[in-house]
Amino acid sequence: MATDSICPLVNYAATINANELPYDVLKYTKNLFMDTIGCILAGSSSEGIKELKEVIGFFGGSRQATIFSFDEKTTAPSAAFLNSVMCHARDFDDTHDGALNHGCVTIVPALLATCQSISSEEGQVTTGLIPRRKISGTEFIAALSVGLDVSNRLGMAFIKYLHVGWLPTTLWGPFACAAACGRLLQLDETKMHNAFGLAYSQIHANRQGLVDGVLSKRIQPGFSASAGVQAAFFAANGITGAKNIIDGNFGLPALYTAGKIDRSYLTKNLGQSFETSNISIKPYPSCRCTHPVIDSVTTLKKKYNIEWQAIESGIIYLPPQSMGQIGNIFQIRENPTVDAQFSAQYTAALTFINGTPRLQDFEKISVASRQEITKLASRFQVVEYQKNQPGMIPVEINIRLKNGKSLTVRTKDIKGSANNPLSREELTNKFNDCVDHSIKTYSMESRKKMIDQIADILNIEDMLKLICLI
């Protein structure tokens, strides 16, 4: 086997046993899984989903895996694609704050599709190379946890050197999905290395769709989920992929970061310390970079009892990575939802006027009709600071009131992070808010069954029993 610097992650993904993962990591991964299921269901009613589903139906194919909320089946790569798009559509999916990476949005849909395709008679692989078998809840959650660790270790290794125009989620998503799905396909180290190489052949990663405010922004993780599924299945069937993914002449550092990489994240405490535990669950349905802005406004309101009508102007100070995503002047274009979700100005004004942002606050009609929010947003200036800061914190907001008084607050610990986690009640409330937006109606009893089964997932012998409840 080649000795590329990617090999430690490849070997780890292929060989670590589920019982070697700490219970606390598996327990937290369960929370991430439940959160992701909620996000998938919420996205089913989002703009563009119906049209994408129609195209997938036109292409046809084997009925291997479910398009959730619609209760329809399609091929595993297509189901992974559309469920991932739904998960990302409302920008409510989890984030690794250091790597600026959305992990579950690609891995969970890919794993669900892979699990169904090898667990059910209907989706059975016909080559005989991948025999039908049951996937236990522990095996599934372990695969998710390992995939997240791979994804975010890669993210942390490169984040300091990436141009802001690269999209980490779609850089690392194919590798993560190949690792996670490869575990369900029981790939050995050689085939897992091929899966990583095949994932590398399919990565894409630009933020132009976000800048232009178009629907392709929410579609991009879907490409990564589908790519990861295909990479794992192709490798299982003997297809070879690039080996020198890090150290090659055209490896990741050479192409994306002018040769720069922090290699320590690829190996340090691998199998002992898990980046999965550093993933944040979003409390607000907008770009994670807006969350310290929202938290800062919440603090200002609570501390100083500010009424929004008293605000004369404000300055929002953002580090470079956040500036590149949410620092543009707010304007309503062809997709008001994206415009609002990715605006420091809008989310600050929304929070001052409405309080804690909810899913309905970012609906197209709501954004377009709330003129008082748009007017207040125009009073905020966004300024880049902390030039050498790689992440999305700290964020600072200065507000000038009409009476001449000036108020300032700085946020370092974002709500939903490991240092400031959501409570069990907040997680459940978010899940129910998401399910309320599904095109499929779920009774309180059916929601409870889902929540209870996910809570007990490590004791489930066949994941199909849980999947059928979604």
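## Nonpolar surface patch

Val 55, Phe 58 and Phe 59 make a nonpolar surface patch of about 390 Å². Patches of this kind join nonpolar side chains (Val, Leu, Ile, Met, Phe, Trp, Tyr) within 5 Å, from residues with over 30% relative accessible area and no salt bridge. Accessible areas come from the Shrake-Rupley method with a 1.4 Å probe, and for residues only the protein chains shown count as cover. Phe 58 belongs to helix α3 (residues 49-59), helices being DSSP runs of H or I with at least four residues and strands being runs of E with at least two, numbered from the N terminus. The relative accessibility of Phe 58 is 71%, which counts as exposed (over 50%; buried is under 20%, and partly exposed lies in between, with a 1.4 Å probe and protein chains only).

## Basis of the model

This is a predicted model, in which local features need pLDDT of at least 70 and side-chain atom pairs count only at pLDDT 80 or more, while totals for chains, interfaces and linings use all residues. Residues are numbered from 1 along each chain as its sequence is written, and side-chain values use heavy atoms, with hydrogens and water left out.

## Salt bridges

The structure has 22 salt bridges, each defined as a side-chain nitrogen of Lys or Arg within 4 Å of a carboxyl oxygen of Asp or Glu. One of them joins the side chains of Glu 363 and Arg 90, at 3.3 Å from N to O. Glu 363 lies in the loop between α16 (344-354) and α17 (364-369) and Arg 90 in the loop between α4 (76-89) and β3 (95-96), so this pair ties together parts that are 273 residues apart in sequence. Glu 363 is partly exposed at 30% relative accessibility, whereas Arg 90 is buried at 9%.

Asp 91 forms a salt bridge with Lys 282, with 2.8 Å between the closest N and O atoms. Asp 91 is placed in the loop between α4 and β3, and Lys 282 in the loop between β4 (279-280) and α13 (291-304), 191 residues apart. Both Asp 91 and Lys 282 are buried. A network of salt bridges links Asp 91, Lys 217 and Lys 282.

A further salt bridge brings together the side chains of Arg 263 and Asp 247, at 3.1 Å from N to O. Arg 263 is in the loop between α11 (252-256) and α12 (264-267) and Asp 247 in the loop between α10 and α11, so the pair connects parts 16 residues apart in sequence. Arg 263 is partly exposed, with a relative accessible area of 40%, and Asp 247 is partly exposed at 40%.

A cavity is a set of points on a 1 Å grid over the protein atoms alone where a 1.4 Å probe fits but cannot get out, and lining residues have an atom within 4 Å of a point. Points are joined across faces, edges and corners, and the volume is the space filled by probe spheres set on them.

The largest cavity has a volume of about 190 Å³. Its lining comprises 20 residues, of which His 102, Leu 167, Arg 207, Gln 325 and Phe 342 lie nearest its centre. Helices α7 (168-184) and α10 (216-236) each supply at least two residues of this lining.

## Cysteines

The structure holds 0 disulfides, a disulfide being a pair of cysteine sulfur atoms within 2.5 Å. The sulfur of Cys 87 has its closest cysteine sulfur in Cys 39, at 4.9 Å, too far for a bond. Cys 87 is buried, with a relative accessible area of 1%. For Cys 287, the closest cysteine sulfur is in Cys 289, at 4.1 Å, again too far for a bond. Cys 287 is buried at 4% relative accessibility.

Definitions and conventions: Patches are made of residues with over 30% relative accessible area and no salt bridge: like charges are joined within 9 Å, nonpolar side chains (Val, Leu, Ile, Met, Phe, Trp, Tyr) within 5 Å. On a 1 Å grid over the protein atoms alone, a cavity is a set of points where a 1.4 Å probe fits but cannot get out, and a pocket is an open set with protein on both sides within 12 Å along at least five of seven lines; lining residues have an atom within 4 Å of a point.
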